[in-house]
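Here are my notebook entries on how the chains of this model meet. I took one interface at a time.

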Amino acid sequence: MWQIIKNEWLYLRRTRMLVGLSIGFVMVFLFSIILGNYQNQKELKASETAKKHLREQWESIEAMNPHSAAHYGTYVFKPSNLLSSLDEGVSSVTGNMLRVEGHVQNEMVHSEASQMQAISRFGKLKSSLLLKFIVPLLLIFLAFNAVSSEKQSGRLKLLVLQGASPIRIVLAKTVAVWLYGVLLLALVVATYSLLNIQNLSGDTLFRSLMVFVSYALYYFIITGLTVFFSARWQNSTVALTSMLGIWMFWSVFLPSVLLSSVEKWHPLPSRNEFKAAMREDRSKGIDGHNPADERGKELEKEVMAEYGVDSLYKLPINYDGIRMQADEEYGNQVWDKHFGNMRTVFTQQKQSMQIAGLFNPFISLQNASMGFAATDNMHHQEFLLQVETYRREFIKILNDKHAYGGSKTGDWGWKANNEFYKSVPDFDYQPTALGAIFHHYLLDVGLLLLWFILTLSLLFYGTRKMQLV
Amino acid sequence: MINIQQAHKAFKGKPAVQNLTLQVEQGEILGLLGANGAGKSTTINMLLGFLKPDSGTISVLEKDINQSSKELRKHIGYIPENVNLYPYLSGLENLDYFCRLSGLKYTKSELQEFLNICGLPSEDHQQKVAEYSKGMRQKVGIAIAYAKKAKVYLLDEPASGLDPRASNELSVLLKKLASEGATILMASHDIFRVREVCHRIGILRKGELVKELRSEEVSANELEKIYLEYIQN
Amino acid sequence: MNWFTICVYEWKHFAHSPFKIVALVLFIVAGVYALHNGANLYNRQMSEIESINKKAEEDYQETLVYYEKGQKGPEDRPWIDVTTPFWAVWYSPIYHFKSPSPAIVYNIGQAEQYGYYKRVTFQSSPYDTDMAEEIANPERLQSGTLDFSFVMLYLMPLLLLIWLYNIKGAEADAGFLPLIYAQTGSKTPWLLARVTFYSVLLLFVLFGLMVYGALLTNVFKGSTDAFLQIFFMASAYLFLWIFAFTFILFRGKSSIGNTLKMVGTWLLFAFIIPAAVHQWVSLQHPANLMTEFIDAQRDEREQLFKQPDSVFQARLNALFPEILNSPVAQDSTKMNLAMNRSGAALTNDLNKKSFNTIEKSNSAKNDLIRSYNWFNPVTFFQNKLNAFSGTHYHDYQKYRKEIQSMIDLQVKALVLDTWGAVKVDKEKYLNYKQNLTP
């Protein structure tokens, strides 16, 4: 088998067109890696500068009423992670800033895509674009006549007669072409690692390894299927056109159809319905801004009883802060319910997409690639949850200051000092460790493995049925 | 050494070989003559184990080819009509590659010797096969079969594309192999070459062996006459 | 052999090639599916707009009741007084919609990246968070909806490729190409006639699909121009690919070689060039983090309200010189409240200044994208289709500008009527509805 693999590599090395193509490919890869990395650094710097700018503004608040500060609020920018330069995932469509303020859980807005006219339907020239779409095509081109050319030329008979069994020939041809794809993949991962060697963490390495494994499995599936067609059909052209058809169906046509379909199977509410439902639920709680609100009376009684006073104005604390926090906590339940429902729908959609990997391994690859690069919707939702947790802590700190900071009920003119504002912690994003959510991607990796086994079986079966004459 | 008994093979109902019975002994060269579609290549493919006969038995070295094809192929050398080699490898590299597939490792000088014996000049050994003529490719094909040191040789129009000198060298080589004990079956259109090289000659028509004769019994002209007679009938 | 005969024989070639027929069937299925996706979006947006309009009308009627009953507002909100311009304008449920064009059936374009309805108040801005796009799965947004323009821009060249790849190559592979040349005298008319057959067939298919799409959203009722423009664009785009592929066929020597070159060309124009331009534009002009807008919304606003009354008043006077001689300007007891209520005018002014920077940065990106159109035809055609179906960036920019004009109108009404001490009654409220709604 090794002899055949070696011979295939000699073919790659000695065919001028392929050498040229390989050099071109490596150049485009390096170009995309360097640009992607540069953009990543630029984005990180911009988001750090913006974050610093806003923090400075916050820390320069000399004196302000804590509730006014809750309305003044802050903004969170989604930092791009190291692997987003490999696979950008949903980053360009999800917006990049989120307002953190009292009374409301906001959504991310101002996506990059909304800031300019349309350019590319398949995203930027990231390595993932080349690895997902172009490298498989290259592998198809390298493998489509791997066996059929041997058959057409009559060499296959000679090879078999010389002792190379058909299965050895087919497997060796598959492995030889597959290794070419794996080498390109290794080049990408290694270059990224070298460029970012100082920032590499265990988690990043684990993620990179899983990206590598997912693509390597997919490449085997593509190469194996192409060699299978090449072995089954007498004509190279039929093998090539069949595989091109499969590539188009899997990579271009089916993902769009499936993504549109899962949104129909598990519909999301319209923004208007979503907001109206939240407004409706929110209106049933305490109105933090309205002292005359009947639903707040119960709380008033509780607090007065606790402090043993008969008037809010006799309280040693500021009741307004307590009422606003109660309002906030009720609001949190409403957000949890509605945003939670939305996340449930997203999860259902994701699961349906993952199951679709049964029919299309490209879907599993896409899920795995975005997931392991931490740029899929699941990671995005994790980020939003972290921001919301921060928002709740942030507002509670402000409301507590309003309540227990030394002011009395109704004293809206009271202001907390600069020291306090400096002490309010800033948002510190903790990237989700892959180990904690790896189980979500087991199905994708599992289906890729299943396709891998299926391809191997097809190769064995195809060889049995292969006609030598 | 080669024994075909009542072999029958049809493609989509159309018979390619019918009730074929023939034997080739050790050290003997049998030539199969026949027009296009007479069943020569089908017979060779059945002997190689690439095609299974619909009925009848085919044995090589006293073993049924379909039951021991893997083992028997180690002892069979094959030269097709068109030897298509890897164009990006040199003649020497092609020979080395095919030998290694058979588990044979020869030194460079041994490989060169094989090519020389088969008539490929030394200066062409390192050239890419893409630059070879058909005859040069054919010579490498012969060298591949020769280097295998097989006990049985199956040749399908081996002299196709060879110039008269090379063709003559091939005849000498085949005779040498036979004298060393090899069993050879050669399918060809070339009546004169077959008459010159083979010990026995069989004429195939529509898959049937219609005539069998010893080459010393007939002159080339007589053989041509007999052949045309059987073909036209 | 004349062209007609070649075409007749081409039909026979086509009819005997299951692969080519399956490709056509798949293309039609994808086209119909894509048209329905576009029609669904159109219907969804239209029904959403209708339901918002209905709710707005209910809110309107609710406020009218306050005037009829002589109430100042909701009972549990005693600080509200709808007889003042401030609350009357606030209680005018004014919406602005970007109604979808029926031609959206052909091209969703950037429609899913922006909001298409907005409640406009004097405190609004065209960059508010409620201008965010409709809730959708970001993974789908990233991958893009399979709309008809996708079928046209990406799948049509592939269909053409499948139809044309073995023209001349099959004859060359089988070794009878010289015979064809000998029989026809020249390869050019023979090859062109064969390519023309598929081009005409594809044009008919496109036209048929577009007519089917037109029936889904009534395109012929008012958007016939868009239909013709899009069909013209589709034809031009088709001819671009025919030109490229015919060139390859003329020069090519085998089916496999031609297929590789055609797929390579498609990859280059559909994937590599747009993606490289996208990457380059992003590097030159990274995503705007909207810090100018944030500063205007927060810090500058804070600074504004910290200004002494005199400065505040001066800035207001500069924006609305009419208020200098207004009744409230003559009454110092009422000036404080009027100034408080006119704050929106100054924040609106701050916002507008920050938008200029944002729009300028976006405009620079768009200019850069356009400057590469000469070698990036797929993006050029995509944006043309977006423009014809009213889903281009510029359509949403225009929508933002319209919203800004409406905000300006509300601000003006608020300031002038507040300083003019206008008491709002039912008639005036109805006037607001009429004058502040586009």
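Entry 1, chains C and A. I looked up the contact (heavy atoms within 4.5 Å) and found 85 residues from chain C and 86 residues from chain A. Between them these chains bury about 7900 Å², 64% of it on carbon and sulfur atoms; buried area is the accessible area (1.4 Å probe) that two parts lose on being put together, summed over both. C:I135, C:E139 and C:R298 supply 11% of what chain C buries here, more than any other three residues.

A note on the source: this is a predicted model, where local features need pLDDT of at least 70, side-chain atom pairs count only at pLDDT 80 or more, and totals for chains, interfaces and linings use all residues. Residues are numbered from 1 along each chain as its sequence is written, chains are lettered from A in the order in which they are written, and side-chain values use heavy atoms, without hydrogens and water.

I checked for salt bridges (a side-chain nitrogen of Lys or Arg within 4 Å of a carboxyl oxygen of Asp or Glu), and the rule finds three across the interface of chain C and chain A. One of them joins C:E139 to A:K350, with the closest N and O atoms 3.1 Å apart.

Entry 3, chains B and A. Here the contact takes 27 residues from chain B and 20 residues from chain A. The buried area is about 2300 Å², with 61% from carbon and sulfur atoms. B:F50, B:Y88 and B:L101 supply 29% of chain B's part, more than any other three residues. How many salt bridges cross the interface of chain B and chain A? I found zero.
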